[in-house]
Amino acid sequence: GDLYRTRLTHSLEVAQIGRTVARCLNLNGELVEAISLAHDLGHTPFGHAGQDALDACMKAWGGFEHNLQSLRVVDELEQRYRDFPGLNLCFETREGILKHCSKRNARQLGDVGQRFLTRTQPGLEAQVANFADEIAYNNHDVDDGLRSGLLSEAALCGVPIFRRHHEPVVRSAPGASRRVLIHETIRAMINEVVTDLVITSRRNITASRLRSTKGVRALDKPLIALSPAIAAEHTALKRYLRRHLYRHPQVIDATSRGQEMLKAVFQRFLADLNAMPREHADRARAWESERGDAGRARAVADYVAGMTDRYAFSAYRRLVDPKARLP
């Protein structure tokens, strides 16, 4: 809904955190920002549930994975230049966007997929963007969970990192509104984790005595890291959210309905290309003539994956069920 985070607002928060960490570590802040802003371009409507639905729809034609789709958007789908498809991005940006990848897909991606085959590390900026992503979604999901009423402060105080910051905030501002108290708590949580990330990573970088990105890539683990104590608390918060927010009955119900909507919309477009806008329909026909059913299906998946939640719901009501309600 409009009151909560979307992929766009999430990506902006990732970029904010990433820039801060990069600046403190004297890394390339513009590179971290580019990775952060692009990392979720391939995400489907209805979050990870939508990804699972589209993956099921595409099972016969190679499946669907949102992180790989983000790279596909900037490498193939964007049309900006006369001489080549995609955007004119450097290797390091593309590497950072591809956060994870199966070996099967990595073999088809050339240089950017190599590290998933050799089990080496990405550059430091990609590592920073990865952590910024986790810090952003952990904390803004707490905010959204509290705002929606699916989580409560009392229950969250069972999570050490939340309790440690929430109790002092409440004591110091007894007359403040609930909204302010929540914001101040989350701000303090983010500050602690980001500060720890900078201090620990700086220590790791200094101790490594490395002077090149090549050396960073050859390591068996990332240099950008949290201290063991904060990492444990960060993981505990993530587990709490998974158990009490992502698996909340209301969330499961909404995402299940979202999945069914997305599958129905996909099948409708696959059966009738004219139901899509002309440029997408033309692309589907061109790819079908080149690659058969797989080309047609991939073009439909590209179109569906690019929808927002609201647009996907609108398409479902227009094409399938005019009386449907929002999931």
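**Buried charges, salt bridges and cysteines**

Modeller: In this structure R72 and D302 are both buried, a word that stands for under 20% relative accessible area, with exposed meaning over 50% and partly exposed in between (1.4 Å probe, protein chains only). The model is a predicted one, in which local features need pLDDT of at least 70 and side-chain atom pairs count only at pLDDT 80 or more, while totals for chains, interfaces and linings use all residues. Residues are numbered from 1 along each chain as its sequence is written, and side-chain values use heavy atoms, with hydrogens and water left out.

Biologist: What makes R72 and D302 a salt bridge?

Modeller: A salt bridge needs a side-chain nitrogen of Lys or Arg within 4 Å of a carboxyl oxygen of Asp or Glu, and the N to O distance between R72 and D302 is 2.8 Å, so the pair qualifies under that definition. R72 lies in helix α4 (residues 66-77) and D302 in helix α16, so the pair ties together parts that are 230 residues apart in sequence. Helices here are DSSP runs of H or I with at least four residues, and strands are runs of E with at least two, numbered from the N terminus.

Biologist: Why is R298 not given a salt bridge of its own?

Modeller: R298, which is in helix α16 (residues 293-305), is buried, and the nearest side chain of opposite charge, that of D302, is 5.5 Å away; the cut-off is 4 Å, so no salt bridge is counted for R298. Lys and Arg count as positive and Asp and Glu as negative, whereas His and the chain ends are not counted. The side chain of R298 does reach the backbone oxygen of W61, at 2.9 Å.

Biologist: How do you know that D111 and R94 form a salt bridge, and is each of them buried or partly exposed?

Modeller: Their side chains meet at 3.9 Å, N to O, which is within the 4 Å of the definition. D111 has a relative accessible area of 48% and is therefore called partly exposed, whereas R94, at 15%, counts as buried.

Biologist: What makes C101 and C57 buried?

Modeller: C101 has 18% relative accessibility and C57 has 9%, so each value falls under the 20% limit.

How values were computed: Polar contact = N/O pair within 3.5 Å; in protein donor to acceptor, adjacent residues only side chain to side chain.
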